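Visitor: I have a new structure on my screen and would like a friendly tour. Could you walk me through it?

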Amino acid sequence: MAEKVLQIRSLTAGFLTEKGFVKATDRVTLELDRGQTLCVVGESGSGKSVTAMSVMRLIDYAGGFIEDGEVLFSGSDLVKKKQQEMLKIRGNRITMIFQDPMSALNPVFTVGDQIAEALRIHKRMSKQAAWQASVEMLRRVGIPDPDMRAKQYPHEMSGGMCQRVVIAMALACNPELLIADEPTTALDVTVQAQILDLLRQLKQEFGMSILLITHDMGVAAEVADRIAVMYAGAVVEEGTVKEIFEQPRHPYTIGLLKSIPGLEGERGGELYTIKGVIPPISQLPSGCRFHPRCPHVMEICKQREPALLASPTGHKAACWLDEPGLKGAAEAETAASSHALKVTIGSKTEVTL
């Protein structure tokens with residue numbers, strides 16, 4: 001049985017507002033095996049980043065807190081730890097790559113000094129040893145002439161180069177878990193592909209686990225071992241890449257897959273969109289939180305929230321369509337409006353929806 005490096009159990013976290021406590025995540029449960037990559041996907045506002053911030057306990061500094069649940073890292077509950085204890089874990093055993101590399105770097109220090117700082121704090125290296133290790137990390141993430149680049153400031157580098165620096169900072173202490181929050185959002189397509197390739201290579205080299213936050217199903221298909229789909233603060237489906245792309249069980253997941261732009265020969269057609277918008281988590285509808293946007297909505301969907309149930313293979317979904325006797329009725333209602341769509345994601349899979 002694979003070792004669990006991260007176990008999130010019934011995590012409910014949010015923020016205090018004038019109207020009281022507002023949930024950003026609602027009973028989120030996820031697991032990540034050692035050496036694997038788990039991608040959490042969903043639209044903006046689905047709770048992906050708050051989940052990541054809760055694991056790092058950075059939500060405490062953003063005006064929020066964890067109301068309930070556990071975050072077990074190598075068997076130890078991070079929720080119960082004080083921030084003083086988290087300082088020894090954060091940036092050392094657990095590290096994070098943020099969305100915007102330019103805002104993640106300090107503009108008044110050289111990139112070499114910023115990488116060396118973590119090594120001096122967590123690994124107790126001398127100033128000279130930490131600097132040499134910083135240069136070596138820049139080389140390992142593919143930055144040319146690392147001796148010269150280490151002496152430069154962030155504004156002297158391109159966005160792609162700065163993202164490599166941020167990755168070097170995150171990996172300097174050889175972490176067990178790397179959290180990457182939309183690490184390619186601010187980059188162009190070519191650089192995005194290079195960064196994803198780099199993460200794959202470094203995962204194997206360092207033997208670490210990766211929790212990757214993304215809204216891009218294409219990115220998830222390329223790098224993930226497992227995919228968790230979040231909607232309005234909750235996990236609505238989870239499974240292997242093959243299960244999610246070849247046998248999606250939740251209508252929201254199917255909608256995300258249909259929304260992927262077509263490739264050559266399919267251009268010019270209308271891009272599929274999921275009707276409506278994601279609701280504020282403080283104003284969730286009754287029953288299934290996705291039912292106002294769902295093409296398969298039934299009366300029970302408006303009244304009762306479905307549980308996240310697992311199949312014998314471990315493929316989980318929270319949808320009433322999985323109930324015996326209900327799936328056929330829903331499919332009959334929507335057969336006239338359904339249409340087939342074939343999408344190819346990278347080099348991994350081809351799916352007809």
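Visitor: Is Glu 176 buried or partly exposed?
Guide: Happy to start there, keeping in mind that this model is predicted. Buried would require under 20% relative accessible area. Glu 176 has 22% relative accessibility, so the residue counts as partly exposed.

Visitor: Which residue forms a salt bridge with Glu 176?
Guide: Look in the loop between α7 (159–171) and β7 (177–181) for Glu 176, and in the loop between β2 and β3 (37–41) for the other residue. The pair ties together parts that are 142 residues apart in sequence. The closest N and O atoms are 3.7 Å apart, and the salt bridge cut-off is 4 Å. The partner, with a relative accessible area of 30% and therefore partly exposed, is Arg 34.

Visitor: How many residues apart are Glu 31 and Lys 4?
Guide: Their side chains meet in a salt bridge, at 3.3 Å from N to O. Glu 31 sits in strand β2 (residues 20–33) and Lys 4 in strand β1 (residues 4–17), so the link joins distant parts of the chain. Glu 31 is partly exposed at 35%, and Lys 4 is partly exposed at 24%.
Guide: Arg 139 is partly exposed at 48% relative accessibility, and Glu 136 is partly exposed at 32%. They are 3 residues apart, about one turn of the helix, and that helix is α5 (residues 127–140).

Visitor: Are α7 and α8 roughly parallel or roughly antiparallel to each other?
Guide: The axes of α7 and helix α8 (residues 189–206) come within 11 Å and cross at roughly 15°. The crossing is right-handed. Angles under 35 degrees count as roughly parallel, and therefore α7 and α8 are roughly parallel.

Visitor: How many nonpolar residues does the contact of α7 with α8 have?
Guide: From α7, the contact includes Ile 167 and Leu 171. From α8, the residues include Val 191, Ile 195, Leu 198 and Phe 206. By class, 3 residues of the contact are polar and 1 is charged, while the nonpolar ones number 8.

Visitor: What is the angle between α4 and α5?
Guide: Helix α4 (residues 111–122) passes α5 in a right-handed crossing. The two axes are 8 Å apart, and the angle is about 120°.

Visitor: How many charged residues does the contact of α4 with α5 have?
Guide: On the α4 side, Asp 113 and Arg 120 are among the residues in contact. On the α5 side, Lys 127 is one of them, along with Trp 131 and Leu 138. The contact has 8 nonpolar and 2 polar residues, and its charged residues number 3.

Visitor: What percentage of the residues of the chain count as buried?
Guide: For the overall picture, the chain has 13 helices and 14 strands. Among contacts with a separation of 6 or more, residues 24 or more positions apart account for 64%. Of the 353 residues, the share that counts as buried is 50%.

Methods
Residues numbered from 1 in each chain as written. Predicted model: local features only at pLDDT ≥ 70, side-chain atom pairs only at ≥ 80, totals over all residues. Heavy atoms only, no water. Helix = DSSP H or I, 4+ residues; strand = E, 2+ residues; numbered from the N terminus. Buried < 20%, exposed > 50% of the residue type's maximum accessible area, 1.4 Å probe, protein only. Axes fitted to C-alpha atoms, helices over the stretch in contact; angles between N-to-C directions. Parallel < 35°, antiparallel > 145°, perpendicular 65-115°, else oblique. Left-handed = near helix turned anticlockwise from the far one by under 90°. Contact = heavy atoms within 4.5 Å. Nonpolar A, V, L, I, M, F, W, Y, C, P; charged D, E, K, R; others polar.
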